[in-house]
Amino acid sequence: MRQTKMLDDNFAKQPDPPNGVAADTAAAPASAAAGGSSHSNHAGSSEFRGFAIGVLGWLIPGLGHALLKMWGRAIAIFLAVGLLVYLGAGMRGNLFAPGGDDAFTRLGFAADLGSGAFYYAARFLESGGPDVSHSDGDYGTRFLATAGVLNLLAALHAYEAARGRKA
């Protein structure tokens, strides 16, 4: 009993955790010393939560940040990715299809698919087919790929933020 009191007194004298460290991770040593559950169970649930938020952030641009209550980033990501897809499809940019013959086509498809649900919206908007013979279509292709890469980076940021890492 006396040893537990000494551990509690030593823990109470420790300074507050630095910014970005969750309060429940700072309390982990006290619960482990008292025979409670270890920190590894919390890490597994944090990993799954981060993965789920990252996937949702990829599927619907900005949703990962909205779930983390980062409203400004969520709105900025949704509008930026949506505007890039709208402009790219409006300029009749090329949306790459799955199963390309060469590495460039497969990489282009991966970049386009990175925009999540907006990829299918762009497919719907692309009624006349791509027109890359003019500079508008070429720039449109770049806008579509940029939207996908931007959304993938935002989903990665949401994943890292959900895991508690400073991103």
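Author: Arg142 is partly exposed at 45% relative accessibility, a class that lies between buried (under 20% relative accessible area) and exposed (over 50%), computed with a 1.4 Å probe on protein chains only. Its partner in a salt bridge is Asp138, with the closest N and O atoms 2.9 Å apart; the term requires a side-chain nitrogen of Lys or Arg within 4 Å of a carboxyl oxygen of Asp or Glu. Asp138 is partly exposed as well, at 33% relative accessibility. Both residues belong to helix α9, 4 residues apart, or about one turn of the helix. Helices here are DSSP runs of H or I with at least four residues, strands are runs of E with at least two, and numbering starts from the N terminus. Side chains of opposite charge can pair when their charged atoms come close.

The model is predicted, so local features need pLDDT of at least 70 and side-chain atom pairs count only at pLDDT 80 or more, whereas totals for chains, interfaces and linings use all residues. Residues are numbered from 1 along each chain as its sequence is written, and side-chain values use heavy atoms, with hydrogens and water left out.

The structure holds 3 salt bridges. One of them joins Glu47 to Arg163, with 3.0 Å between the closest N and O atoms. This pair links distant parts of the chain, 116 residues apart: Glu47 sits in helix α4 (residues 39-59) and Arg163 in the segment after α9. Glu47 has a relative accessible area of 33% and is partly exposed; Arg163, at 25%, is partly exposed too. Another salt bridge brings together the side chains of Glu160 and Arg165, at 3.5 Å from N to O. Here Glu160 is buried, with a relative accessible area of 17%, while Arg165 is partly exposed at 46%.

Helix α9 also carries Ala154, which is buried at 10% relative accessible area. Beyond residues up to four places away in sequence, Ala154 touches His65 and Ile77, where contact means heavy atoms within 4.5 Å. The C-alpha atoms of Ala154 and Gly54 are separated by 8.5 Å, although these residues are 100 apart along the chain.

In soluble globular proteins, nonpolar side chains tend to be buried together.

For the protein chain as a whole, the secondary structure comes to 9 helices and 0 strands. Buried residues make up 31% of its 167 residues. Of the contacts between residues at least 6 apart in sequence, 68% join residues at least 24 apart. The accessible surface is about 10600 Å², of which 65% belongs to carbon and sulfur atoms; the areas come from the Shrake-Rupley method, and for residues only the protein chains shown count as cover.

Terms used:
Accessible areas come from the Shrake-Rupley method with a 1.4 Å probe; for residues, only the protein chains shown count as cover.
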